[in-house]
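Let's take a walk through this model, starting at the ligand and then moving on to the nonpolar cores. Keep the structure open as you read.

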Amino acid sequence: MRLNAFLARAGIDSRRGADRLIKAGRISVNGRLGQLNDDVSEADDIRVNGRRINAQKPRYILLYKPAGYITTLKDPDNRVKVTDLVKINERVVPVGRLDFNTTGALLLTNDGELTNKLMHPSFEVDKVYEVVVEGEVTDEILNKLSIGVNLEDGKTAPAAAKRLADNKIELIIHEGRNHQVKRMLAAVGLPVKRLHRSKYGPLDLDSLKPGHWRDLAETEIKLLK
Ligand code: URA
């Protein structure tokens, strides 16, 4: 396997990012500087900045994130992390973020290339949110949300907004800005009481329970890629 593919599979970076690390002289293969056209296998001693890495089996995991877990990997307050719920040998990381109290579908993987792709704004994976708000959902509000609202980092892209109950909305967006749903709802004067992501692209939670996870099926991985 090409050295950059090995590094991407180990979750170090995308293939392109791995090429940059190789060019910068930060990768060694069996004690010598790694080259772009190196062909390597798990038997080789491959290091990033001197630290040995193992080619991990690629893992693609869908977690039903419960409330009260953080998706960031470092937290000054030492709160529990979503990765504490997924006890496997491979080191997977969340693709994007869900807030501490947000529940629902969260993808975790050690495939650095897929992570980078899914996080890129041009890769428009639909995310379906169910939002319980404080206040009444009017047609005017649904209209504003679907056209796009002005946030401090620019207008949001057109979205699909549907009333599920007097105080509940289904909102489908494909952007992934920080706290986007809460900020969109704040912009139309509705504070969010509960936020749940029922779908991430082709992935839905079906029979998963909060805190539980499953490996993706091959077909789901193909769809995401
Ligand atoms: N938008 C938010 O505001 N919070 C989330 O957790 C996800 C999307």
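Start with Thr-102: one of its polar side-chain atoms sits 2.8 Å from an oxygen atom of the ligand. Bear in mind that this is a predicted model. How much of the ligand's 230 Å² does the protein bury? The answer is 96% of what the ligand exposes when taken alone. Besides Thr-102, His-179 and Gln-180, the residues around the ligand are Leu-98, Asp-99, Tyr-129, Val-181, Lys-182 and Leu-195.

Now for the greasy part. In soluble globular proteins, nonpolar side chains tend to be buried together. Here, the largest nonpolar core has 29 residues, and Leu-171 and Leu-185 have the most contacts inside it. Strands E5 (60–65), E7 (103–109), E8 (127–133) and E12 (168–173) each supply at least two of its residues, as do helices H4 (139–147) and H5 (180–187). Domain 2 (60–120 + 203–224) and domain 3 (126–200) each give this core at least three residues.

Zoom in on Leu-171 and look past its neighbours within four places in sequence: its contacts include Leu-185, along with Val-128, Val-131, Leu-145 and Met-184. Tyr-129 and Val-181 are also in contact with Leu-171, and both are among the residues around the ligand.

There is also a second, separate core of 16 residues, with Ala-105, Leu-118, Val-125 and Leu-205 among them.

Note on methods: Residues are numbered from 1 along each chain as its sequence is written. This is a predicted model: local features need pLDDT of at least 70, side-chain atom pairs count only at pLDDT 80 or more; totals for chains, interfaces and linings use all residues. Side-chain values use heavy atoms; hydrogens and water are left out. A nonpolar core is a set of buried Ala, Val, Leu, Ile, Met, Phe, Trp, Tyr and Cys residues joined through side-chain atoms within 4.5 Å. Buried means under 20% relative accessible area, exposed over 50%, partly exposed in between (1.4 Å probe, protein chains only). Helices (H or I, at least four residues) and strands (E, at least two) are DSSP runs, numbered from the N terminus. Domain bounds come from an automatic or database domain assignment. Contact means heavy atoms within 4.5 Å. A residue is near a molecule or strand if one of its heavy atoms lies within 4 Å of it. A polar contact is a pair of N or O atoms within 3.5 Å; within protein, one must be able to donate a hydrogen and the other to accept it, and residues adjacent in sequence count only if both atoms are side-chain atoms. Accessible areas come from the Shrake-Rupley method with a 1.4 Å probe; for residues, only the protein chains shown count as cover.
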